[in-house]
Amino acid sequence: MKDLSSLNKSLPDLVEKLKKYREVLLANLVMVGEIPAPTFNEERRIEFILNRFAEAGLTESMIDEGGNGVGLLSGSAPKSERKAILLSAHADTIFSANTDHTMQVSSDTITGPGVADNAMGLAAMVTLPYIFEDLGIELKNDLVLLANVKSLGKGNLEGIHFFLDNSTLDFSSAICLEGIQLGRLSYSSIGMLRGEITCSVPESYDWSRFGDASAILTLNEVINKINDMKLPRRPRTSIVMGSISGGTSFNTIARDATLGFEVRSESQEVVERAGETIQDIVMEVSSKTGDHVELNVLSRRSPGGIPYAAPLTKCARKMMDNLGLEPRLSPSVSELSALIEKNIPALTLGITVGERTFKTNETIQIEPIYKGLAQIIGTLISADGGYCE
Amino acid sequence: MSNLQSWIKNNTYHHSKFWDLKKLVEVKEKKNLKISLCLPTLNEEKTVGKEIIIFRSELMERYPLIDEIAVIDSGSTDRTLEVAKNFGADTYLASDILPDLGPKRGKGENLWKAIYQLEGDVIVYVDADISNIHPRFVYGLVAPLIYRDEVKYVKGFYDRPLALSGNVRPSGGGRVTEILVRPLFSLFFPDLTAMIQPLSGEYAVRREVLEQIAFPIGYGVETSHLIDVYSKFGLEAFAQTDLDKRIHENKDTQDLGKMAFGILQTFIKRAKSLGIMDKAEHTTILRQFQAKRDQYEQKLIEIIEDERPPMMEIEAYRKKYHKE
């Protein structure tokens, strides 16, 4: 591949060539996806991925102390001139080990829990060394494949943080893989604060008082007050009330109630201010009702990222353009933000089209996968060629 | 150690023994063996695609262990054949193979016609309804044939206890095996009780054996295979491999009744033609399986069905009730 324009021209051709890896790719997808990997319990899935790395001849693969699966595809340039490109896919899912992880394959779709998020991303990553070898694609720089663990929810990106904090490699760029949606282009992360508010009725409560002693009512008060908060339209800001739980039955007063929420904003300052306001609300409701109300902040991310016109973003957009894909820009609160914190130019790309995420009947389409892969391979080759710096 | 116990020790494997596919393929190529995989189907669109993807990827593309994958279908009304073809399997309607012989419908028909249609020196049969499919289902069965020339017929069994305590645990097959087939074998073919799951639908067989045995087209095919191969080649021709867990839809008792009835018909036919119907009177030992860790052994249970004559033949009775 001499220059960027010849690479761009050969992309549609690459899509056709990739079709011959369908069985290998889908077999990896099915096998990875059928190994349960709830956040904090990803060991078996990582072990499988390491086996695949070893079979592909990635001799320097390992499980790091954080539990991440890491594979290294050495570059062809002399060691002193080599940098590293990171390709990551999170290995954990939101499904418990008790969920039936059976994948169902039809002629044009695959269905199963976590197939899109993120068995597809992992399958693309573990198949890539096989494809590179078969197609004779050799990068000059080192390609580091990272199946990062403890990513979702309370995992709070622990795996990738551990890896980046302890890695001695000099990363020139990074791509995060997500199963869906094809065309997704995330290059910035937004500010985020994720937390839980727990209300509990104290043990010593006077149970003879009728009706008003429910933790749910107290939490309701908190929710109303959060809902009344004034949020700026610019910078764009929103509060997601994501989950609620509490109480035990129809006829007993709820002793506990919990709200899970997330504040998102383009501005770090707004996130912080919203966090302080929520803290004030919690204290106010607590003192007014006499119930125990507590705010527990689970994670924070700072906004940041590379600009829309940055070389890496440009490269990826060019690839998409050549493949007839319409880039859909969306900020991200996932792996990308960990990379941005370390000042590594990074993108999140999707591989195929799918629907019903977060349910056991999550489904992805097979046909768009080839374009998704071609886009990733194209972006990797241009990042390797120094066109994205 | 009895002969049977030493057979069990020498011919019972766990699939993990054969994890080294590279070595397996080397030996296969050295011996110049051709291996065909046959998936008999009837309305299996939910599971057949995944089986083909996994076998093609792992045992054709990565490690060239099998030379062809063929789906032989009994006339599915769902998209089984379309899905199978799409993922690159050769697909056949059983009725199109040897059409002059007229159609018969049943799984055994598909297995039998595979001998004509497929070209392997070894044919591996794997049911198409397995939802936790894995390459072991094939390499675990063909490996004993590749490594040991004297083995001709390898049967799969499934035994994965969730915890290995070191205590003795009961083992063996499903309901029809334990209620019907094992008692019948105990009576008529004690050697065949060494097969832990005689009815499992997964087995790999050499062509030289397949072409010499008859095929019941229905439920009796596995049972008749065991009896016929045993009668012609002896117990030494068999091996069995533990393939861990197999997940498939459970059958209800009425379906099992049909299955048992088919097996019984096949069995009686075989027993009569071998002239062994009278033999049962001498045998009172039931042979069941138990396992300690990964060691299997037979448990011999003496069950004597003693009888009392009609009361009328007892003198005291006749006297008491004046029945002289």
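In strand 7 of chain A, Ile175(A) is the bridge partner of Leu87(A). The model is predicted. Leu87(A) belongs to the pairing of strand 3 (residues 84-90) of chain A with strand 7 of chain A. These two strands run parallel and share five bridges. Strand 7 of chain A also pairs with strand 16 (residues 346-352) of chain A. This pairing is parallel too, and six bridges make it up. Here Leu177(A) has Leu349(A) in strand 16 of chain A as its bridge partner.

Strand 7 spans residues 171-180 of chain A, and ten of its ten residues are buried. The strand is therefore largely enclosed by the rest of the structure. In a regular strand, side chains alternate between the two faces of the sheet.

Leu177(A) also features in the largest nonpolar core, which holds 168 residues. Leu177(A) is among the members that touch the most other members. The others are Leu122(A) and Met125(A) from chain A, with Cys38(B), Val124(B), Val138(B) and Val142(B) from chain B. Helix 4 (residues 115-135) of chain A gives the most to this core, supplying twelve residues. Beyond its neighbours within four places in sequence, Leu122(A) is in contact with Val32(A), Ile49(A), Ala89(A), Ala91(A) and Ala147(A). A second core is separate and has 23 residues. Its members include Cys199(A), Ala215(A), Ala254(A) and Val263(A).

The two chains also meet directly. Chain A puts eleven residues into the contact, and chain B puts in 17 residues. On the side of chain A that touches chain B, helix 2 (22-33) and strand 4 (104-105) each supply at least two residues. Helix 2 of chain A gives the most to this side, with five residues. By class, the chain A side has six nonpolar residues, four polar and one charged.

Within chain A, helix 1 (residues 4-18) packs against helix 10 (residues 369-384). The angle is about 150 degrees, and the axes lie 9 Å apart. The crossing of helix 1 and helix 10 of chain A is right-handed. Helix 1 of chain A contributes Leu4(A), Leu7(A), Leu11(A), Leu14(A), Val15(A) and Leu18(A). These meet Tyr370(A), Lys371(A), Leu373(A), Ala374(A), Ile377(A), Gly378(A), Ile381(A) and Ser382(A) of helix 10 of chain A. Eleven residues of this helix contact are nonpolar, two are polar and one is charged.

Key:
Residues are numbered from 1 along each chain as its sequence is written. Chains are lettered from A and ligands numbered from 1 in the order in which they are written. This is a predicted model: local features need pLDDT of at least 70, side-chain atom pairs count only at pLDDT 80 or more; totals for chains, interfaces and linings use all residues. A residue is buried if 20 or more other C-beta atoms lie within 10 Å of its own, exposed if 12 or fewer, and partly exposed in between; C-beta atoms are placed from the backbone. Helices (H or I, at least four residues) and strands (E, at least two) are DSSP runs, numbered from the N terminus. Two strands pair if DSSP finds at least two bridges between them. A nonpolar core is a set of buried Ala, Val, Leu, Ile, Met, Phe, Trp, Tyr and Cys residues joined through C-beta atoms within 7 Å. Two residues are in contact if their C-beta atoms, placed from the backbone, lie within 7 Å. Ala, Val, Leu, Ile, Met, Phe, Trp, Tyr, Cys and Pro count as nonpolar, Asp, Glu, Lys and Arg as charged, and the others, Gly among them, as polar. Axes are lines fitted to C-alpha atoms, for helices over the stretch in contact, and angles run from 0 to 180 degrees between N-to-C directions. A crossing is left-handed if the near helix is turned anticlockwise from the far one by less than a right angle, and right-handed if clockwise.
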